[in-house]
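Have the picture open as you read.

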Amino acid sequence: PSSFQFILISATSVLSVEFGVLALGGLGLYEDAASLRVAQSASQLLLFPLFLNNIVLAPLMPGLVASHAIEVVEKKVLRHTKITFRASFLIWLPLFIFADELVSIAFGLEYAEHAVPALRVLALGYLCNVFLGPASLVLTMTGHEKHAFSGQVVTLFVSVLLVVVLVSNFGATGAGIGIALGGVSGRLYLRSKCIRAVGLNPALL
């Protein structure tokens, strides 16, 4: 894949996540914008195992797929996905249960009211994303980067639509819902493209 295609995928992904903060700031809801930023910072801890998983899998994918042993590749990907999901779940559980205490300690009591609901929503969304597997990575590393980009476009579209609808009434929590559902929608789309284009299901379903 070209560096330009990687840039497009990365830029679209970043915009999908950051649009909530931009929308809240644009509406003058600065406290909610700051709370959403806190929620995002905490919830992204769940993505650390996925990041490590991608580092391990990325160099292996082209050779594995070139061998045409798709069933072997799928087993390997699913094994990594299971390990990643279990690690992310161990992060998610205390983060979800003790969100009030963790936010108060790490960021201050003033953020607890607005940041905690958004944190719980985002954390659940990220956990679902991990459950759905590294479809974007598989597509990108097997020459189907256009599908990977289209998945990010789906994520961005759904996120922007829901954030615009929800932020006025629900603030940071509404933005969190929009971002989380956008991410899950994009992952489901990528999963379907991965199955069709590569013949591989990276998700635990």
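Predicted model: local features only at pLDDT ≥ 70, side-chain atom pairs only at ≥ 80, totals over all residues.

**A pair of helices**

Two packed helices are described by the angle between their axes and the distance between the axes. Find helix α7 (residues 112-131) and helix α9 (residues 145-198): their axes come within 8 Å and cross at roughly 5°. Angles under 35 degrees count as roughly parallel, and α7 and α9 are therefore roughly parallel to each other.

Which residues of α7 meet α9? On the α7 side they are H114, P117, A118, V121, L122, G125, C128 and N129. Their partners in α9 include A172, G176, I179, G183 and R187. Sorted by class, this contact has ten nonpolar, six polar and one charged residues.

Just after α7, G133 takes a positive phi of about 85°.

**Into the core**

In soluble globular proteins, nonpolar side chains tend to be buried together. Here the largest nonpolar core has 28 residues, and those with the most contacts inside it are L24, L36, L46, V103, L119 and L122.

| Element | Residues |
|---|---|
| α1 | 3-26 |
| α2 | 30-43 |
| α5 | 70-97 |
| α6 | 99-107 |
| α7 | 112-131 |
| α9 | 145-198 |

Which helix gives the largest share of the core? It is α7, with nine residues.

Leaving out residues up to four places away in sequence, L36 touches G20, V21, L24, A118, L122, A172, A175, G176 and I179. Apart from this core lies another one, of twelve residues, among them A135, V138, L139 and L190.

**A contact across the chain**

Now move to M141, which lies in helix α8 (residues 135-141). Is M141 buried, partly exposed or exposed? At 24% relative accessibility, M141 counts as partly exposed, because buried means under 20% and exposed over 50%. M141 and A58 are 83 residues apart along the chain, yet their C-alpha atoms are separated by 6.8 Å. Again leaving out residues up to four places away in sequence, M141 touches A58, M61 and P62.

Notes. Residues numbered from 1 in each chain as written. Heavy atoms only, no water. Axes fitted to C-alpha atoms, helices over the stretch in contact; angles between N-to-C directions. Helix = DSSP H or I, 4+ residues; strand = E, 2+ residues; numbered from the N terminus. Parallel < 35°, antiparallel > 145°, perpendicular 65-115°, else oblique. Contact = heavy atoms within 4.5 Å. Nonpolar A, V, L, I, M, F, W, Y, C, P; charged D, E, K, R; others polar. Core = buried A, V, L, I, M, F, W, Y, C linked by side-chain atoms within 4.5 Å. Buried < 20%, exposed > 50% of the residue type's maximum accessible area, 1.4 Å probe, protein only.
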